[in-house]
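I began with the strands and then turned to the helices.

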Amino acid sequence: MEHPGSEVFFPPVPNGLDYLLSVVEHLEAGTERVSARDLKYAVLHLAAGTEVLLKARLQLEHWCLVFSDPTKAKRAELENGSLLSCGPDDTVQRLRDIARVQITDKDRKALTRLAKDRNALQHYGLFGQSANARAVESRAAEVLDFLIRFVDEDLLPALPPAEAEAAQTDLERIRGGLTEIEGFVKQRMQRLRVELEALRDRTLQCPDCRQWALVVEPTQAQGVARTSRCRFCGMSHDAEEIALLYGVEILGRDPGMLDMITGLMATDLCSYCELESLVEGVRFAADPVTAMAFCFQCTRLQPGLIGCPGCGHSFRPVGGATSCETCTAASSPHRAP
Ligand SMILES: [Zn+2]
Ligand SMILES: [Zn+2]
Ligand SMILES: [Zn+2]
């Protein structure tokens, strides 16, 4: 009765696409602003669709890969749906390492973020303010964009022609929906254009909605306390928190840990305001190709880290220093003032 490739093991692609159709329907529902309820189901269905589609690809590689622990995989549990299946991070990891699916770090982060949004929704209910909602909507569009490519390139070619063709129809509809959703985002950005144009040299990418709309303000300006705010989604926290969010969400660094590739922390101590608000690698809308070290607290730009010619450790050449503090102190203890 049963043999490999029999219906039971057929990847549930149509089911996954059906979830995505629901996502675009919910997000298209409000041109000006998506209702909290539409957004809730958009996120829940996007998360469900993502899981189904990513796991469909894993299943094509080998059915046991969708189990939390593949060494304990049982076919009966797969068939009756009682399996303990792998979580979102493991799914992505296995797709990359075992199935050799191209998933960029940016896509991986977007997927992780989606899983977080989904959990927050399931446990705490609706998103509070519209500010938050805009960021979620903008991020949902990113995930949809990834999934369309993924289905097209990694999933459909592996399906039998009839199934692939049926899926193409759904995919077209989803693609059209995404274009429309991206259109809303563009329209809103368009409206902000004049306002942001004048602020380009202190506008950077928002760690919440990922639009270039976060306008940074010095925390204290003429004795007035100010906070930076994203003009697109309304995201606003204190400077230290925004610095950390930027380092983690935009630059992909680990909070509180040295990045293995770049050797950088998510945030550093600012030598002026002595808060963990300095971030290496910040880019501004006025010149997005140049990365700077920027303090989110005092908004000072600072020189980037360089290697000390004396000891090889990296240091920040503040005030024209040519070697690190330790080496400078050791080499010129009696320098004339
Ligand atoms: Zn934002
Ligand atoms: Zn500072
Ligand atoms: Zn040194």
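I looked up strand β1 (residues 203-205) and found three bridges joining it to strand β2 (residues 212-215), the two running antiparallel. Strands here are DSSP runs of E of at least two residues, helices are runs of H or I of at least four residues, and both are numbered from the N terminus. Two strands count as paired if DSSP finds at least two bridges between them. The model is a predicted one, in which local features need pLDDT of at least 70, side-chain atom pairs count only at pLDDT 80 or more, and totals for chains, interfaces and linings use all residues. Residues are numbered from 1 along each chain as its sequence is written, and chains are lettered from A and ligands numbered from 1 in the order in which they are written.

I noted that Thr203 stands opposite Val215 in β2. β1 and β2 form a hairpin with six residues between them, and Arg210 in the turn has a positive phi of about 70 degrees. I then followed β2 to strand β5 (residues 229-230), to which two bridges join it in the antiparallel sense. Val215 has Arg229 as its bridge partner in β5.

Entry 2, the sheet of β6, β7 and β8. I recorded an open sheet of three strands in the order β6-β7-β8, with antiparallel pairing. Its edge strands, each pairing on one side only, are β6 (278-284) and β8 (301-302). Five bridges pair β6 with strand β7 (residues 287-295) in the antiparallel sense, and the two form a hairpin with two residues between them. I found β6 mostly covered, with five of its seven residues buried. A residue is buried if 20 or more other C-beta atoms, placed from the backbone, lie within 10 Å of its own.

I looked up the axes of helix α1 (residues 13-28) and helix α2 (residues 36-61), which come within 8 Å and cross at roughly 155 degrees. α1 is therefore roughly antiparallel to α2, a term for angles over 145 degrees. Axes are lines fitted to C-alpha atoms over the stretch in contact, with angles from 0 to 180 degrees between N-to-C directions. The residues in contact (C-beta atoms, placed from the backbone, within 7 Å) include Tyr19 and Leu20 of α1 and Tyr41 and Leu46 of α2. They divide into 12 nonpolar, six polar and one charged. Nonpolar covers Ala, Val, Leu, Ile, Met, Phe, Trp, Tyr, Cys and Pro, charged covers Asp, Glu, Lys and Arg, and the others, Gly among them, are polar.

I found that the axes of α2 and helix α5 (residues 105-124) come within 9 Å and cross at roughly 130 degrees.

I located Ile181 in helix α7 (residues 161-197). Ile181 counts as buried because 22 other C-beta atoms lie within 10 Å. Leaving aside neighbours within four places in sequence, Ile181 is in contact with Val24, Leu27, Glu28 and Ala141.

Terms used
Angles under 35 degrees count as roughly parallel, over 145 as roughly antiparallel, 65 to 115 as roughly perpendicular and the rest as oblique. Two residues are in contact if their C-beta atoms, placed from the backbone, lie within 7 Å. A residue is buried if 20 or more other C-beta atoms lie within 10 Å of its own, exposed if 12 or fewer, and partly exposed in between; C-beta atoms are placed from the backbone.
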